[in-house]
Amino acid sequence: MKNTHPLLAPLTFLIAAALLMIACESLPPAPEIDEAPVTSAPTAQDRQALIETFEAVERLFSVGWNGASLTATAVDTGTPIHTAVPLIANATADTTLNTGYQDALGRGYLVTLTYREPQGVPLWQLRLQHGTFLEGQPTDPASVETITLTFITRDDLSDWVARLIASDVPFLQDHTDPEGSFAEAESWRVGRIAGSPDGAVFNYADQGRRTALTVRDPIITINANGSATVRDGLEDGEVRTRYYLPDVVIDSDGTIVEGTLERTLLNFGEPATGAIVSRTEFADGSIRQTRQWGGDGVVFRENTTE
């Protein structure tokens, strides 16, 4: 083995350190803090989950607008959630009940209870929708949250609702302990969406693990008849869906080249009240807006036109 000169090792170290400093100085600057972070490359499954979350929120506009007056209306469902549970538990297959729930902090939730029997297996599904902060902090953008729980026994459903009434669901308080919060459910899913000024869409979702997904480009969906929807984010947490007629032309990179814009739907949440707001802007300049939030067995709907 060759002997190394005693001064050669320190000298080699100094040269390497100098080269490292030069390389570091030549690196491009770090991105700005307010840039929307991309935590992972979106997969086809991620995008589909995000689209499904969008669609669940978009349906709220039709539910709130159809059959409602143009003023604030309290729709008495006649079934507070603790009463709705035994009703749905004894219902026939493909039964749906809608009601409202208000927590101890005065935040309202829109509640949907469904009973189905796919392939003869009884399944009770409970869905909660409300406005909240993206990560639970007042400095976060407002978002719309959809929580879907599936139960295979009516007792599990009843036990979870009893905890809900007792304010014993930590996740609904501060987005902590999802496993413990939804322990009675056979499966559960949380979808929380918010927009950002650069067009990104934040989607926090999934079972037991929080997945932070940022989609910088608009999500373009081509329908069977040639029409298209374009979904992206806006300032203050608004999420936007633009509906184009079948004359739309889309470039190879996904850019809308031309086409007739039929309407634009904006959705956003109000964390203080739990309300969800859907605002539709039509091509003729008219606007329809519906604002919904839940109470104890009551769904409040406020519809306005411009």
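1. Asp94 touches Tyr115 and Arg116, leaving aside residues up to four places away in sequence. Contact here means heavy atoms within 4.5 Å. Asp94 sits in the loop between helix 3 and strand 2 (95-102). Helices (H or I, at least four residues) and strands (E, at least two) are DSSP runs, numbered from the N terminus.

2. A word on the basis. This is a predicted model, where local features need pLDDT of at least 70 and side-chain atom pairs count only at pLDDT 80 or more, while totals for chains, interfaces and linings use all residues. Residues are numbered from 1 along each chain as its sequence is written, and side-chain values use heavy atoms, with hydrogens and water left out.

3. Is Asp94 buried or exposed? Asp94 is exposed, because its relative accessible area is 65% (buried is under 20%, exposed over 50%, partly exposed in between; 1.4 Å probe, protein chains only).

4. The largest nonpolar core has 27 residues; Leu126, Leu157, Trp160 and Phe182 touch the most other members. Such a core is a set of buried Ala, Val, Leu, Ile, Met, Phe, Trp, Tyr and Cys residues joined through side-chain atoms within 4.5 Å. Elements giving two or more residues to this core include helix 3 (81-89), strand 4 (123-133) and helix 4 (154-165). Helix 3 gives the most, with five residues. Apart from this core lies another, of 13 residues, among them Phe54, Leu110, Val144 and Ile193.

5. Trp160 deserves a look. Its contacts include Leu126, Leu128, Phe151 and Phe182, not counting residues up to four places away in sequence. Trp160 also belongs to a cluster linked by ring pairs, with Phe171, Phe182 and Trp188.

6. How many aromatic pairs does the whole structure hold? A search finds six. Rings of Phe, Tyr and Trp (its six-membered ring) pair if their centres lie within 6.5 Å; planes under 30 degrees apart count as stacked, over 60 as edge-to-face and the rest as tilted. Trp293 and Phe300 form a stacked pair, 5.3 Å centre to centre with 10° between the planes. Trp293 is buried, at 18% relative accessible area. Phe300 is partly exposed, at 28%.

7. Two arginines lie over ring faces. Arg291 is over Trp293, 4.5 Å from the ring centre. Arg263 is over Tyr243, at 3.8 Å. The criterion: NZ of Lys or CZ of Arg within 6 Å of the ring centre and within 35 degrees of the ring normal.
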